[in-house]
Amino acid sequence: MKVEALLDYLRSERWPTIWCPGCGNGIVLKAFLQAVHELGLSKDKMAAVSGIGCSSRATGYIDFNTLHTLHGRAVAFATGVKLARPDFHVVVLGGDGDILAIGGNHFIHACRRNIDLTIIVFNNMIYGMTGGQVSPTTPVEKVASTAPFGNTEPPFDTVKVAIAAGATYVARATVYHYPLLVQYIKRALSHRGTAVVEAVTNCHTYYGRYNRIGDASQMIEYFKKNSVTLERAKNVSAEELKDKIIIGEFHVEDKPTFHDRYKKLVETISRKE
């Protein structure tokens with residue numbers, strides 16, 4: 001697909017972005033726009049919502065119905081949009097800190113309710129905008145500005161949290177695996193219910209530099225070498241999977257959404273009256 005096909009989805013007057021050269025956020029954003037384009041979705045029937053953080057600035061660069069909201073509140077705002085406009089595709093674009101830390105409660109309850117949202121988690125394993133602090137997904141022993149001797153806290157596994165909370169579509173890919181990322185976002189947008197796509201991305205400015213992984217290209221090469229498909233992981237020992245990134249579709253389930261249950265309740269009450 002030619003890049004020119006995506007220009008209609010951008011607010012060109014807002015460019016260039018604030019992202020560091022080589023930041024993987026641009027790759028994730030392009031994957032999202034390509035998925036929208038290939039599905040033939042109308043941008044006038046799309047709402048993209050974000051909170052605060054590097055990746056959350058994405059909503060300012062795209063020509064959809066967009067909300068740049070409070071820190072951690074993107075999922076809550078998106079829930080309100082979906083309830084008001086159930087005919088819209090509503091997407092949350094946010095980072096691991098915004099969605100899983102301050103916004104963690106909203107995230108798990110959206111999954112629990114099976115709200116018809118697509119949530120794309122840009123996971124760079126660190127707080128990129130505010131100085132490289134430990135985030136909920138920073139691996140144990142990895143260095144951050146608030147953990148100069150290594151992180152001691154076990155990280156969230158975004159996929160496991162989403163599945164346990166009740167999300168009905170859950171997938172993960174890295175920015176190296178771009179075609180997979182597009183494919184998973186397309187399936188998430190087509191899914192009825194809470195769909196979560198974790199996009200593992202590079203923050204070479206902080207995470208890569210602090211942990212001596214290297215620049216943008218070296219971090220993407222790192223993702224290539226350290227990723228394992230879900231199918232292959234089933235036949236690999238836990239020891240061999242240590243520090244590996246498992247990619248694939250982890251959960252697909254068809255069950256009533258919040259809107260389905262709410263509509264049924266309204267119909268039941270109406271009959272009683």
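This passage walks through a predicted model, starting with its sheet and moving on to its helices and a few single residues.

Eight strands form an open sheet, and reading across it gives the order β2-β1-β3-β4-β6-β5-β8-β7, with mixed pairing. Two strands stand at the edges, β2 (65–68) and β7 (227–229); each has a single partner strand, so one side of each is left without a neighbour in the sheet. From one strand to the next, the twist averages 20°. As a reminder for the paragraphs that follow, strands of a sheet pair through backbone hydrogen bonds, either parallel or antiparallel.

Strand β1 (residues 46–50) runs parallel to strand β3 (residues 89–95), and four bridges join the two. Within this pair, Ala47 stands opposite Val90 of β3. Strand β3 also pairs with β4, again in the parallel sense, this time over five bridges. Here Val92 is found opposite Ile119 in β4. The next step across the sheet takes us from β4 to β6, which pair in the parallel sense over six bridges. Thr174 has Val200 as its bridge partner in β6.

How many residues of β4 are buried? Six of its six residues are, and the strand is mostly covered. The side chains of β4 can be sorted by direction: Thr118, Ile120 and Phe122 point one way, while Ile119, Val121 and Asn123 point the other way, and all are buried.

Attention now turns to the helices. Two packed helices are described by the angle between their axes and the distance between the axes. The axes of α1 and α6 come within 8 Å and cross at roughly 55°. That angle makes α1 oblique to α6, and the crossing is right-handed. On the α1 side, the residues that meet α6 include Ile27, Val28, Ala31, Phe32, Ala35 and Leu39. On the α6 side, those that meet α1 include Tyr178, Leu181, Val182, Ile185 and Leu189.

Helix α4 (residues 104–113) and helix α5 (residues 158–165) have axes that come within 7 Å and cross at roughly 45°. This makes α4 oblique to α5. Phe107, Ile108, Cys111 and Arg112 of α4 make the contact with Val161, Ala162 and Ala165 of α5.

Thr79 lies in helix α2 (residues 74–84). Is Thr79 buried or exposed? Its relative accessibility is 13%, and because buried means under 20%, Thr79 counts as buried. A polar atom of the Thr79 side chain lies 2.8 Å from the backbone oxygen of Val75. Leaving aside residues up to four places away in sequence, Thr79 touches Ile115 and Leu117.

Another threonine, Thr138, lies in the loop between β4 and α5. Thr138 has 0% relative accessibility and therefore counts as buried. What does the side chain of Thr138 reach? It reaches the backbone oxygen of Met125, at 2.7 Å. When residues up to four places away in sequence are not counted, Thr138 touches Met125, Ile126, Asn151, Glu153 and Pro155.

Pro21 gives a contrasting case. This residue lies in the segment before α1 (25–39). With a relative accessible area of 76%, Pro21 is exposed. Along the chain, Pro21 and Val121 are 100 residues apart, and their C-alpha atoms are separated by 20 Å. Val121 itself is one of the buried residues of β4.

Conventions:
Residues are numbered from 1 along each chain as its sequence is written. This is a predicted model: local features need pLDDT of at least 70, side-chain atom pairs count only at pLDDT 80 or more; totals for chains, interfaces and linings use all residues. Side-chain values use heavy atoms; hydrogens and water are left out. Buried means under 20% relative accessible area, exposed over 50%, partly exposed in between (1.4 Å probe, protein chains only). A polar contact is a pair of N or O atoms within 3.5 Å; within protein, one must be able to donate a hydrogen and the other to accept it, and residues adjacent in sequence count only if both atoms are side-chain atoms. Contact means heavy atoms within 4.5 Å. Two strands pair if DSSP finds at least two bridges between them. Axes are lines fitted to C-alpha atoms, for helices over the stretch in contact, and angles run from 0 to 180 degrees between N-to-C directions. Angles under 35 degrees count as roughly parallel, over 145 as roughly antiparallel, 65 to 115 as roughly perpendicular and the rest as oblique. A crossing is left-handed if the near helix is turned anticlockwise from the far one by less than a right angle, and right-handed if clockwise.
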